[in-house]
Amino acid sequence: TSEINLRNYATPTTSDAGVDQEQCSSGSFTLSGNVPVVGTGSWSVVSGTATITAPTASNSGVTGVPVGTSATLRWTISNGGTCAPSTDDVVLTHSASPTVADAGVDLNQCNTSTFVMSGNTPVVGTGLWSIVSGPGVITNASSPTTTITGVTAGDGSTPTVVRWTISNGTCTPSTSEINLRNYATPTTSDA
């Protein structure tokens, strides 16, 4: 006589690594892979730098993702040596806080409706000008040194207020505001 074992492994549960995550100024994450109904799961680092706390736990912690980088992790569910494993990837991004915004100083002009901005250039993130109140048209909202036209001349009591916002991912944006005053030419004096 001779005996053999016949094993018919079920297809492993379809892997779901969860949604991509982004955090500001924190390189620690909590994974949210699905719990396998069939098979066992295991996390691995596909690219980037990361340390997986509990590689076989679907909700493992992850530490050590350097600031300004992303790491791709893979959740693999396997069942037996003959079934093809199921995999799914998740991207963890550790965003840096944006550069502190500086819109410059308040600008005062006489009967000149075009102003030249002097915002700082972001080292981290991207900048965007917006008008908070008052008249004006921004020529190039993403340029730190854009011009703003159409600022109405008056007595200066109601300036056009503009905001320079620097944003980076999900981090809280940094903002700075200045006032633009276009003083009207005074009435010609007649003594």
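Start with the side chain of Asn120. One of its polar atoms lies 2.8 Å from the backbone nitrogen of Asp102. Now find the backbone oxygen of Val100: a polar atom of the Asn120 side chain is 2.8 Å from that oxygen. Polar contacts here are pairs of N or O atoms within 3.5 Å; within protein, one must be able to donate a hydrogen and the other to accept it, and residues adjacent in sequence count only if both atoms are side-chain atoms.

Before moving on, note the ground rules. This is a predicted model, in which local features need pLDDT of at least 70 and side-chain atom pairs count only at pLDDT 80 or more, while totals for chains, interfaces and linings use all residues. Residues are numbered from 1 along each chain as its sequence is written, and side-chain values use heavy atoms, with hydrogens and water left out.

**Around Asn120.** Asn120 sits in the loop between strands E9 (115-116) and E10 (126-133). Strands are DSSP runs of at least two residues, numbered from the N terminus. Is Asn120 buried or exposed? It counts as buried, because its relative accessibility is 19%. The cut-offs are under 20% relative accessible area for buried, over 50% for exposed, and partly exposed in between (1.4 Å probe, protein chains only). Beyond its neighbours within four places in sequence, Asn120 contacts several residues, including Pro144, Trp164 and Ile166. Contact means heavy atoms within 4.5 Å.

Trp129 is in strand E10 and Trp164 in strand E14 (residues 160-167), 35 residues apart. Both are buried: Trp129 at 3% relative accessibility, Trp164 at 0%.

**The cores.** Next, select Leu31, Trp43, Val62, Leu73, Val90 and Leu92. These have the most contacts inside the largest nonpolar core, which has 14 residues. Such a core is a set of buried Ala, Val, Leu, Ile, Met, Phe, Trp, Tyr and Cys residues joined through side-chain atoms within 4.5 Å. Strand E6 (69-78) gives the most to this core, with four residues. Apart from it lies another core of 12 residues, among them Ala103, Met117, Val151 and Val162.

**Last stop.** Pick Ser25, in the loop between strands E1 (21-24) and E2 (29-30). Its phi is positive, near 55 degrees.
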